Amino acid sequence: MTKATRMTKQKRVILDVLKSTKSHPPADWIYMQARKELPNLSLGTVYRNLNILKDMGEILELNYGSTLSRYDGNPQEHYHFVCEKCGAVLDVDIPIQKELDMLAAQALETEIKHHRLEFYGTCRKCKAAGPQS
Ligand code: ZN
Ligand code: MN
């Protein structure tokens, strides 16, 4: 770690849990998994360490309106798709982040620091399951 904050065993386990999944889980799921390794862990400690890991730039916190925060072990800026049926959060790998910033910068004749963009719809699994599911 180059940052001032220490990578404790707790943080390491939480980070490993998060990096082992592509499901963008909420804190309580991370808590259940991390407890297999650290039985004395509390949910509050998980939340506290998730916040620290976020501040360290190791993870992303995803917040879509009123739903609980979900967490991403990939700290690189990237887009997400939210399934309106099952709530799944999927990565959208389209390399247009910089281009969008450039286009907006041109339109506004100023600099863009960052932008937010989310995709919504029905995921492939829910679509295959049919309209009654
Ligand atoms: Zn779905
Ligand atoms: Mn992601």
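The structure holds 4 salt bridges, a salt bridge being a side-chain nitrogen of Lys or Arg within 4 Å of a carboxyl oxygen of Asp or Glu. This is a predicted model, in which local features need pLDDT of at least 70 and side-chain atom pairs count only at pLDDT 80 or more, while totals for chains, interfaces and linings use all residues. Residues are numbered from 1 along each chain as its sequence is written, chains are lettered from A and ligands numbered from 1 in the order in which they are written, and side-chain values use heavy atoms, with hydrogens and water left out.

Side chains of opposite charge can pair when their charged atoms come close. One such salt bridge joins aspartate 91 to lysine 22 (4.0 Å, N to O). Aspartate 91 belongs to strand β4 and lysine 22 to the loop between α1 (9-19) and α2 (27-34), so the pair ties together parts that are 69 residues apart in sequence; helices (H or I, at least four residues) and strands (E, at least two) are DSSP runs, numbered from the N terminus. Lysine 22 is exposed, with 70% relative accessible area, whereas aspartate 91 is partly exposed at 28% (buried means under 20% relative accessible area, exposed over 50%, partly exposed in between, with a 1.4 Å probe and protein chains only).

Two further salt bridges can be picked out. Glutamate 61 meets lysine 54 (2.6 Å, N to O); glutamate 61 is partly exposed at 27%, and lysine 54 is partly exposed at 31%. Glutamate 118 meets arginine 116 (2.8 Å, N to O), with arginine 116 exposed at 62% and glutamate 118 partly exposed at 24%.

Donors are N, O and S atoms within 2.8 Å of the metal (3.2 Å for Na, K and Ca); water is not among the atoms, so sites may look incomplete. Histidine 78 is buried, at 13% relative accessible area.

The zinc ion (ligand 1) is coordinated at 2.3 Å by Cys83 (SG), Cys86 (SG), Cys123 (SG) and Cys126 (SG). Angles of 105 to 117 degrees among the 4 donor atoms make the zinc site tetrahedral, a term for four donors with all angles between 85 and 135 degrees. Cysteine 86 sits in the loop between β3 and β4 and cysteine 126 in helix α5 (residues 124-129), so the pair ties together parts that are 40 residues apart in sequence. Cysteine 86 is partly exposed at 46%, while cysteine 126 is buried at 12%.

Definitions and conventions:
Four donors count as tetrahedral if all angles lie between 85 and 135 degrees; four count as square planar and six as octahedral if opposite donors are over 155 degrees apart and all others between 65 and 115; anything else is irregular.
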